[in-house]
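Dear colleague,

My notes come after it.

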Amino acid sequence: MKFLPLGTASDAVERERLIELALRGAPAAAGSTIITAPAGYGKTTLLVQIRDALELLGFRSAWLNCTVDHVQPAAFLVDLAASFQRAGMFPSMPEFGLSDIASSLSECGPVSIFIDEYECASSDETDSFLEFFIRILPSNCKLFVATRELPKISLSKLLVDARTRLVKANELQFNPAETKRLMADMGDADYYGDLLEQCDGWPVILQLLRLEGQALQKTGFPPTRGQHRVSIFNYIAEQVLARQEQELQEFLLQISILSDVDVASSRAVTQSDASERLLRAALNLSPIVTTIAEEPLTLRLHPLLRDFLRQELAVRMPSAPNALHGRAAKHFAALNDLHKAVHHASLSGQNDLTVDILEEAGGALLVISEGVAAAGAFLATLPASVVTARPKLRQLRVIQQAMEGISSDWLGDFERLDYLCSNTHANSGDETYQFTTDLIRAIRNCSETRYAMLSAPWAEIAKLREKSLALRYEEPRYLGICLPAEQIPLCDYGSVSLAERRTQELQALFETERYAPNTVWITNHLSFLAITKGHSRDAEHYSRVVLERLADTGEMRNTFMRRHCTAILGQSFFEQNMLDVALAHFDAVPRQIAYSLLSTQVYAVCTRVRCLFLGGEIEQALSDLDDDYQYALEEALPHMSVIAPAVGAELRLTAGDRSGCEQLIRSAKLDAVLDQHRTWFVRPWLETEALVRLFSRYWLHAGDAERAYNLAHEFAIRAAQSGRLLMGAGGLLDAAAAALAGGHRGKADTAIRQAMKQVEGTGAVRLFLDADQDVQAVLQEISRDERSGAGDAILHHFSAHIAHDADRGVARLLSPREQEVMAELCLGHPTKVAARHLNLSYETVRHHLKRIYHKLHVHTRQQAVEAWKKHADLP
């Protein structure tokens, strides 16, 4: 029913004028048309007529009827793609964004897309989604959107850019000629004169009048003159509802609470065994009652009729709506249609009913089957005090907030809930409640650095996995929570190959169980895996897909995932030696985050500092890192309390401050911590890497080349065994530096060649530019001799590195990426559009804008454009 028109145009007057206006009205080049008018203006009928006209020209058509579910952009995107798949125009993909859809549609030949009743889906996020879709619509596609209210989009800009055209209510009204044609067989048209003026060309009322005229002609009873209808609702009351049998009247009033009505839902709401008979009787009210499906028989009341009936129901039976919504809620809950069930339960005013439905549907497990955003929407229908009073719903709130990461409040909430239940023995007999608590605790311990284990929690994870697998066929959603909780420590502490297998297992689970709202988490895991392996370009690709999907579906409030992917993007750009772009991404992530993964903090804090350091802002870099170290100590962050001083000591050594380096090593007791890391796969690899990098370089500087070589070389072997090839390559380069210092050129050559082999195809070059100068000389020699892909990339970046300080004239004023952002400003593109065009996040473009304003000494976009044109001598 979502993918077919809710009605036909078989009895409608052909609207050639409107079809021409929708297809070729100004601006003529527009690929989309927005049709906006109140209920009863024939928007759906017009869409059907347009579709029929285009299909005669060889267009394939896709149709989507919007519902309240589509307020969640993720659901809108899924069903939009499904409408294309149903029409054979879009491949089935586990993860996709609007760009994927546009790319597939561009290869489908002539395509027409129809989105009806868009007002049901309209929200700030979905409207932004629609605007972007209009902008990227391929030239072979025509998009038609029908809505009661204009969406919140940059309509003026879209009209000026010839992206869309607008058809409004006054254009949909029947003009006098069309009205005359419609009413040609009415009989005594003068009788309807006053009402015709009152209708003002309103298509549905004109159609009703036409049918009434035809009925009067058949009865032979002349109408009584002077009867004036003072409102449209009065007309419906007198001429539609009042003419029906009392049984049918009451039936129509009761089913008006439903959007689409089938036999089962009408029977559940009305508690009448005559539902099917009454539904068929209601078909006599066509065209304001239409058939959606025959099996099972499903009808739809025209919105105008439905609104009138709901108003009449509230007047006649004030207490009835709540009871009817309650019955509908129970019916849809039994069908596992949770969105409709919760919707009706909330309208019933029965909080206990909403609670029972959510608890029965799985409580905290709903984040897996329904998605994080939907879980939040369900909870929003209840007062916070009700959620707090029900432990299972409180669990749902905790895990939903944990996965969104907007704040760390959930941590305290979980502690209070866990303490309360442990001490009051609440839910003590509910094993599923206790198991869910254990899973939430594992998520906390694995993902929140303040609670992170000092060693890998393998025993705890193994127990949770064993129990989740035992429940696999009874309740697969437990495994959907357990696998991500397991994957985080695997990426931090363990084997990358095992983490990859767990990700594949999670993807298969989501596909088998059709947990579509959460497919973006799979891509997020792939991004995490790619950066862990050191595959910088793959990490960049997956992170972009995640951020695009979050933007497409309006889920940018998911700060946990957004910050993580932004930090991964920054790290991947850093490895590719794109320092300005990396810094822009890191600056979009708060340095001192209340709740984040360890990798997010390390990249956003430590790699950011490296960017500043390499850019010549040495004092600022060290000062920031000292602040972050102090924060880690104050907040008792066990890993950042080691990583921050290790990086700080290493950078001080690089800057020539050996005394400052040694002071940090002593104060943070880093040498003692290093001994604990010699038991591999026990402490986080990012922590081990920071310590090994520091001490191998410090011992080399102190003249102990053999000790430095042994540490770096052993680390390189272990890191490669775990699947962290880029991390291992860094260890090999440090080992090569120690080998050269000890006079072992053969060992150095072997280590350097192995490092080059391990980074082949990853896009990573920064580690070679940071290597010891003697190592760089050997690197260039090997690269020139062997001319491998990695060698060519290294030579290219060495050349660029050497030429970096050469005078580049006016262009030197802004970095290359800032110049690209400046070009978008010169074209008049807003920040959101510029981000789309440049494949950057919104926050990253804003960061670039701030730096542009600072460099050009301006305060507004217009001033920036004028200043840049003056500097660059542009027209």
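This is a predicted model: local features need pLDDT of at least 70, side-chain atom pairs count only at pLDDT 80 or more; totals for chains, interfaces and linings use all residues.

Residues are numbered from 1 along each chain as its sequence is written, and side-chain values use heavy atoms, with hydrogens and water left out.

Most peptide bonds are trans, and most residues other than glycine have a negative phi. Against that background, the bond from Ala26 to Pro27 is cis, with omega near -5°, and Pro27 sits in the loop between helix H1 (16–24) and strand E1 (32–36); helices (H or I, at least four residues) and strands (E, at least two) are DSSP runs, numbered from the N terminus. Another cis bond joins Glu295 and Pro296, with omega about -10°, and Pro296 belongs to the loop between strand E7 (289–293) and strand E8 (298–301).

Gln271, although not a glycine, has a positive phi of about 55°, and its place is the loop between helix H13 (263–270) and helix H14 (275–282). Lys669 likewise is not a glycine and has a positive phi of about 55°, in the loop between helix H35 (658–667) and helix H36 (670–677). Gln271 counts as exposed at 58% relative accessibility, and Lys669 counts as exposed at 58% too, where buried means under 20% relative accessible area, exposed over 50%, and partly exposed in between (1.4 Å probe, protein chains only).

Strand E8 also takes part in an open sheet of three strands, in the order E6-E8-E7 with antiparallel pairing; two strands pair if DSSP finds at least two bridges between them. Strand E6 (260–262) and E7 stand at the edges with a single partner strand each, so one side of each is left without a neighbour in the sheet. E6 and E8 are joined by three bridges, and Asp260 has Arg300 in E8 as its bridge partner.

How many of the 14 residues of helix H22 are buried? The number is 11, so H22 is largely enclosed by the rest of the structure, and among these buried residues are Leu393, Arg394 and Glu404. Just after H22, Gly405 takes a positive phi of about 70°.

Finally, a salt bridge is a side-chain nitrogen of Lys or Arg within 4 Å of a carboxyl oxygen of Asp or Glu, and by this rule the count comes to 43. One of them joins Glu276 and Arg280 (3.5 Å, N to O), both of which lie in helix H14, four residues apart, or about one turn of the helix; Glu276 is partly exposed at 37%, and Arg280 is partly exposed at 38%. Another salt bridge brings together Arg693 and Glu650 (3.0 Å, N to O). Arg693 lies in helix H37 (residues 685–701) and Glu650 in helix H34 (residues 640–654), so this pair ties together parts that are 43 residues apart in sequence. Both Arg693 and Glu650 are buried, and they belong to a network of salt bridges that also includes Arg610, Arg697, Asp734, Arg766 and Asp770.

With best wishes
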